[in-house]
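Subject: Structure handover

Hi,

Here is the structure we talked about. Please open it first, then read my notes below.

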Amino acid sequence: MSFNTLGLSADLLRAVSEQGYSEPTPVQRQAIPVILQGRDIMAGAQTGTGKTAGFTLPLLQRLNSRSQCQGRRPIRALIMVPTRELAAQVQESVNTYGKYLPLRSTVIFGGVNINPQIDQLRKGVDILVATPGRLLDHVGQKTLDLSKVEILVLDEADRMLDMGFIRDIRRIIALLPEQRQNLLFFATFSSEIKRLADDILDSPETIQVTRQNTAAENVSHVIHPVDGSRKRDLLTYLINSQNWQQVLVFTSRKHGANRLAQQLDKAGIRATAIHGNKSQAQRTRALEDFKRGKVRVLVGTDVASRGLDIEQLPHVVNYELPFVPEDYIHRIGRTGRAGHGGEAVSLVAADEMGLLKDIEHLLKRALPKVVIPGYEPDPRIQVLPAQNKNNRTRGSKQAGTVRYGAAYRGKRNTVNRQTRLGSGLVQATS
Ligand code: AMP
């Protein structure tokens with residue numbers, strides 16, 4: 001199937017073909033004709049599925065085909081996204097696909113001076129890409145008018161809800177005209193998403209390009225059990241021995257991200273950190289350096305992970321498991337993209353086994369566990385004495401979930417950890 005059959009105008013098809021896309025992705029095939037008809041959609045589509053073009057192309061076409069008001073341009077399309085990085089990337093897509101159309105766009109997000117944004121808005125834009133917090137700052141300062149919005153896009157809506165933006169989103173929606181088209185995108189379906197959809201969408205077409213709560217299928221997962229104190233050494237070993245050239249590493253805290261990036265750098269592996277405490281300029285530079293191969297490892301927190309558009313990222317490492325199991329899916333959404341295989345590697349200490357169980361429960365399958373020789377977890381850590389009958393009962397149950405034996409691409413030795421532990425039992429609480 002080609003893009004020509006979707007009903008897009010010549011100007012848009014030209015921009016698409018300049019990107020080198022030969023055929024539409026599944027979400028584009030399904031979403032574009034429906035959006036062109038003016039209908040609402042709710043689409044389950046992760047980053048990497050081509051969803052941005054899926055809503056941007058028909059949105060541009062609809063705005064361009066309808067007459068524009070005379071005088072100052074009102075904001076006619078509002079695209080809300082959770083993070084600054086995603087905002088910048090979505091606006092880049094709007095510019096790329098809309099390069100032959102006379103439509104103007106701008107992007108607003110926090111962490112940078114508000115005045116240039118006010119200047120941009122004053123000049124008039126057709127399409128506004130924004131994060132909710134800064135958008136409300138502008139509303140408070142009366143520097144934008146949302147009363148002429150025709151199309152609302154909530155991109156990565158589940159993430160916006162996770163980040164606590166629901167009240168902001170509802171406040172913003174209350175400022176929009178009732179008559180409008182709504183496009184809701186999310187990676188993971190939940191009851192909150194359902195509630196939001198019920199409230200704002202009008203007879204939506206439902207599109208699902210990935211199964212609910214499942215990770216991309218071209219990603220292989222592996223768990224390396226290891227003591228917390230040895231994770232850094234193991235990561236260094238893996239990067240060097242496997243010759244990984246581009247690795248995205250997740251930590252749970254900003255300080256941990258900074259420290260790990262510095263330590264890797266010291267060990268001769270060029271690394272940088274990306275997280276919410278960094279200025280926008282620093283975050284943009286870190287991402288650019290990573291994309292260009294100037295740094296080999298990008299260490300980030302979950303907030304930074306959303307919307308990173310890095311093609312063909314081969315390795316994602318969970319240095320620490322996420323507290324929310326859905327974040328595991330979001331994190332590994334950075335790898336195995338657009339048809340390329342990827343590897344999601346998690347370094348898991350004994351006290352994270354509960355988090356791992358939650359992730360496996362969400363994925364509805366056990367993930368292969370491989371102990372790397374030389375980095376075996378210390379069996380004395382959190383081992384319950386066998387003679388304690390009460391603990392033993394509990395420990396037995398937990399230890400049953402920690403059986404290591406899956407082959408790892410046939411290359412590595414596998415270890416049955418229960419054998420190593422002898423009569424000791426692991427207390428795998430979270
Ligand atoms: P997204 O899911 O919107 O973040 O897009 C993921 C990546 O896929 C981006 O780098 C796009 O440039 C790329 N992409 C979007 N549509 C297509 C397509 N039809 N064919 C090939 N690549 C695409």
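What pLDDT does the protein chain average? The model is predicted, and the chain averages a pLDDT of 82. Of the residues, 81% score at least 70.

One stretch needs care. Over residues 383-430, pLDDT stays under 50. The model has 85 contacts beyond four places in sequence for those residues. Where pLDDT is low, predicted coordinates should not be read in detail.

Now the ligand. Why does the ligand lie between domain 1 and domain 2? Because both domain 1 (3-208) and domain 2 (219-377) give residues to the shell around it. There are 15 residues around the ligand. Tyr21, Gln28, Gly48, Gly50 and Thr52 come nearest. By class, the shell has 7 polar, 5 charged and 3 nonpolar residues.

- Thr52: a polar side-chain atom lies 2.5 Å from a ligand oxygen atom.
- Glu23: a backbone N or O atom lies 2.9 Å from a ligand nitrogen atom.
- Lys51: a backbone N or O atom lies 3.3 Å from a ligand oxygen atom.

How much of the ligand's accessible area does the protein cover? On its own, the ligand has 500 Å² of accessible area, and the protein covers 82% of that.

Two residues away from that list are also worth a look.

Leu36 sits in helix α2, which spans residues 26-36. Which residues does Leu36 touch, leaving aside neighbours within four places in sequence? Leu36 is in contact with Leu6, Gly7, Leu8, Pro58, Gln61 and Arg62. Take Gln61: Leu36 and Gln61 are 25 residues apart along the chain, and their C-alpha atoms are separated by 7.6 Å.

Lys278 is in a loop, between β10 (271-274) and α12 (280-292). Beyond its neighbours within four places in sequence, Lys278 is in contact with Arg84, Asn258, Ala273 and Arg283. Gly111 is 167 residues from Lys278 in sequence. In space, the C-alpha atoms of Lys278 and Gly111 are 8.8 Å apart.

Over to you.

Best wishes

Key. Residues numbered from 1 in each chain as written. Predicted model: local features only at pLDDT ≥ 70, side-chain atom pairs only at ≥ 80, totals over all residues. Heavy atoms only, no water. Near = heavy atom within 4 Å. Polar contact = N/O pair within 3.5 Å; in protein donor to acceptor, adjacent residues only side chain to side chain. Areas by Shrake-Rupley, 256 points an atom, 1.4 Å probe, with all protein chains shown as cover. Nonpolar A, V, L, I, M, F, W, Y, C, P; charged D, E, K, R; others polar. Domains from an automatic or database assignment. pLDDT = per-residue confidence, 0-100. Contact = heavy atoms within 4.5 Å. Helix = DSSP H or I, 4+ residues; strand = E, 2+ residues; numbered from the N terminus.
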